[in-house]
Amino acid sequence: MAPNLSVEYCGVKFKNPMVIASASPSKNGEYMRRCADSGAGGVIAKTFSPEPLAQKYVSPRFTVLHKKGWPNNYSNYSCEFLATYDTDQWMKEMVIAKKACDEQNCTLVGSISGDSAESWKSLAKRMEDIGLPMLELNFGCPHPKDLGYKSGQELGNSPEMAAEVTKIVCDAVNIPVFVKLTSEAVNIVDVAERCKSAGAAGFTVVNRFSALDVDIETGRPLLHGGFAGIGGPWMRPITLKWIAKIAAATGMPISATNGIFSWEDVIKCIMCGATTVQTCTAIMYGPKQFGEVAVFLKGVEKYLTDRKIDDINKLRGITLPQIIPWDKVDRDHTAVSVVDEHKCIGCGMCPKWCFYDAIEIVEKEGKRKSVIDPNKCDGCGLCPALCPSDAISMKGEVPIYLGDFQ
């Protein structure tokens, strides 16, 4: 029997934890239909704002930094704004999307960003009237706005304002409301706790950073000439940290986002406390577009089946009690690095990485090989982590956790 992948987030059921995040893939009714057809358990509509400047895009607005690492590790650097419709048009798109998602048992979630207390309230009510089961408040958009009011990450940076808006919306509707947090808040946990007190049912953790890169010939900022958002696979460890911290501090349901580029990332997010896992960059920058969802789900199901885990919910939060405080970490046991001569190619790199002079290159049967002096080895872990042929491992009295280097 296949393992159970269904989850319940903020009281709303999802057929599986994969959710397509609010971005280009959910830009209108037709694309939200494609999201639903992908097999995703849910889709979060492109964030809507009544702000005219948020509805008008710049061109170009996407580029890639660290492209040599694509598709495994790179940076998504972009400045796409919010939904490109006026309010009435967008609501029509949402009606189309709701019908398409219902047909696929895919949970459709609205996402809004108001420009006043009244607009936050009215947008939330209109989303509820369409029949949406829940609503995301975007307090994390990385594009700074000098518009005379706080929005996006500027709003998410203010615990007081974030709580105020959360209360306005929660008081206006009867459906669960969750908050998309910014990665740049001074204290994300504080913002989360304030929003929880104001009525938030859960959190999306966590949005991209605001960033700047420039053309090296002229010094001009890339793309539109201003600050842009940045994310990518490298953000996963940051996302996992904030999932764990917010889960531990608030005990609230969490929808993970950012750095999600493989099924392994999905598993890790759930282990750290997430219920659903959102992806966007994997769909936009990955080789299979919406087909990535099926790849993720297949990988998750195989992982559970191979380990005889019958319900994905059993993984949630298992990392949290294993996080060791800094003052309690094991400082008594040490490990040493060991060379597998059959794998060693004698490249000569590891002696350069060793700051304890424990490694030298010697000739063995006419071939160059690394040799590590266990009496000098400090057990720092640098050489096994960097070895290009995975010829170095670590041995010790207790288990070693260096990761899979993916």
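Let me start at cysteine 10, in the loop between β1 (7-9) and β2 (12-14). This is a predicted model, so please hear every value as computed. Cysteine 10 is not a glycine, yet its phi is positive, about 55°. Is cysteine 10 buried or exposed? Its relative accessibility is 13%, and the limit for buried is under 20%, so cysteine 10 counts as buried.

Aspartate 390 is another non-glycine residue with a positive phi, here about 50°. You will find aspartate 390 in the loop between α13 (382-386) and β18 (392-396). With 46% relative accessibility, aspartate 390 counts as partly exposed.

Next, cis peptide bonds. One joins serine 59 and proline 60, with omega about -5°. Proline 60 sits in the loop between α2 (52-55) and β5. Another cis bond runs from valine 205 to valine 206, and its omega is near 5°. Valine 206 belongs to the loop between β10 (202-205) and β11.

Which strands make up the open sheet, and in what order? There are four, ordered β5-β6-β12-β11, and the pairing is antiparallel. From one strand to the next, the twist averages 35°. Inside the sheet, β6 (residues 75-78) and β12 (residues 228-231) are antiparallel partners over three bridges. Tyrosine 77 is placed opposite isoleucine 230 of β12.

Strand β16 (residues 359-364) pairs with β17 in the antiparallel sense, over six bridges. Glutamate 363 has arginine 368 in β17 as its bridge partner. Two residues lie between the strands of this hairpin, and glutamate 365 has a positive phi near 55°.

Lysine 369 is in β17 (residues 367-372). A polar atom of the lysine 369 side chain lies 2.8 Å from the backbone oxygen of glutamate 341. The backbone oxygen of cysteine 344 is also 2.8 Å from a polar atom of that side chain. Beyond its sequence neighbours within four places, the contacts of lysine 369 include Ile361 and Val362.

Glutamate 341 does have a salt bridge, with lysine 364, where the closest N and O atoms are 2.4 Å apart. Glutamate 341 is in the loop between β15 (335-339) and α12 (350-353), while lysine 364 is in β16, so this pair ties together parts 23 residues apart in sequence. Glutamate 341 counts as partly exposed at 36% relative accessibility, and lysine 364 is partly exposed as well, at 32%.

How many salt bridges are there? The count comes to 15. One of them is between arginine 194 and glutamate 160, at 3.4 Å from N to O. Arginine 194 is in helix α7 (residues 188-197) and glutamate 160 in helix α6 (residues 159-172), so the pair ties together parts that are 34 residues apart in sequence.

Lysine 302 and aspartate 306 form another, at 2.7 Å from N to O. Both lie in helix α11 (residues 291-306), four residues apart, about one turn of the helix.

Conventions
Residues numbered from 1 in each chain as written. Predicted model: local features only at pLDDT ≥ 70, side-chain atom pairs only at ≥ 80, totals over all residues. Heavy atoms only, no water. Pairing = 2+ DSSP bridges. Axes fitted to C-alpha atoms, helices over the stretch in contact; angles between N-to-C directions. Buried < 20%, exposed > 50% of the residue type's maximum accessible area, 1.4 Å probe, protein only. Polar contact = N/O pair within 3.5 Å; in protein donor to acceptor, adjacent residues only side chain to side chain. Contact = heavy atoms within 4.5 Å. Salt bridge = Lys/Arg side-chain N within 4 Å of Asp/Glu carboxyl O.
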